[in-house]
Amino acid sequence: MAVATEISEAVAHDLEDLSAEDLFRWALENHGPRAGILTSFQDTGCAMIDLMAKAAPGLRVMTVDTWRLPDETYALMDEIEARYALKIERFEPDRAKIDGMIARHGEYLFFDTKAKQEYCCNLRKVEPNDRALESLDVWFTGLRRDQSEFRVNTPKAQVVDRHGRKLIKIAPLVDWTQQDVNAYIEERGVPKSALYDQGYTSIGCKICTTPTLPHEPARAGRWRWFNYLDDDSKECGIHVAGSGI
Ligand code: SF4
């Protein structure tokens, strides 16, 4: 039976020096089913699942299924469930809200304006993500500092406030580089999305994510039609400071 530690800045501070494996063990021992990996199955998330499976099998693996994910992501989920003998918890949008959004604005509203793209992301991603987080005190995420300018100061562990409730958000591979992730996946034969071989460096919903060129930042392929905006435009709201998440 897990005995929950307090959620505090002091606890988060003490976690900063732990390895990914030790962080997963700490979370499972201290928070049990109130801890979990929330991932979209990009390469860092897949590496995290492999590390967790070695160090702390049984830790929850959760995702947001926007109903607009690429076929390759759904295939990868099946592969991961089989390889690690685990069941991925899928948090989905509210059907009535999605039907209403499409009726008013069309299926492809995200092309129209930044506000409509954020509206779609809010219903399909942020709301289900909020529901997933309600079930957690310790949230593991695949953020890395080298993914974008926006993420360069991301701490490994921090206390975040979510609608008045505190939880510890941990990015166990925050200081890994893309090369570190690639080398780990290669060495361990970790399942990863087939889209990486097609030039993708960041993977979200289909249409809203495109391949990138070698000179571009990893998330440049997100919402390309908004490329005139600054780098914050490449966040969907889940990890944006001040979003209350
Ligand atoms: S990434 Fe695109 S399809 Fe997915 S939720 Fe956001 S706007 Fe909608």
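Read from the N terminus, the order of elements is α-α-β-α-β-α-β-α-α-β-β-β-α. The radius of gyration comes out at 17 Å, close to the 18 Å that the globule rule gives for 245 residues, so the protein chain is as compact as a globular protein of that length. Along the principal axes, the C-alpha atoms fill a box of roughly 50 × 40 × 35 Å. Of the 245 residues, 37% are buried. As for how the chain meets itself, take the contacts with a separation of 6 or more: 72% of them are between residues 24 or more positions apart.

How far can the prediction be trusted along the way? The pLDDT of the protein chain averages 91, and 91% of the residues score at least 70. Residues 241-245 are another matter, with a pLDDT below 50; this stretch has seven contacts in the model beyond near neighbours in sequence.

Then there is the ligand, with 12 residues around it; those that come nearest are Cys120, Cys121, Arg124, Cys205 and Cys208. Sorted by class, the shell around the ligand is made up of six nonpolar, three polar and three charged residues.

Ile207 is not a glycine, yet it has a positive phi of about 75 degrees. It sits in the segment after helix 7 (178-188). With 13 other C-beta atoms within 10 Å, Ile207 counts as partly exposed, since exposed would take 12 or fewer.

Trp223, also in the segment after helix 7, is again not a glycine but has a positive phi of about 45 degrees. Is Trp223 buried or exposed? The count of other C-beta atoms within 10 Å of Trp223 is 24, so this residue is buried, the cut-off being 20 or more.

How values were computed:
Residues numbered from 1 in each chain as written. Predicted model: local features only at pLDDT ≥ 70, side-chain atom pairs only at ≥ 80, totals over all residues. pLDDT = per-residue confidence, 0-100. Contact = placed C-beta atoms within 7 Å. Near = placed C-beta within 6 Å. Nonpolar A, V, L, I, M, F, W, Y, C, P; charged D, E, K, R; others polar. Helix = DSSP H or I, 4+ residues; strand = E, 2+ residues; numbered from the N terminus. Rg over C-alpha atoms; globule rule 2.2 N^0.38 Å.
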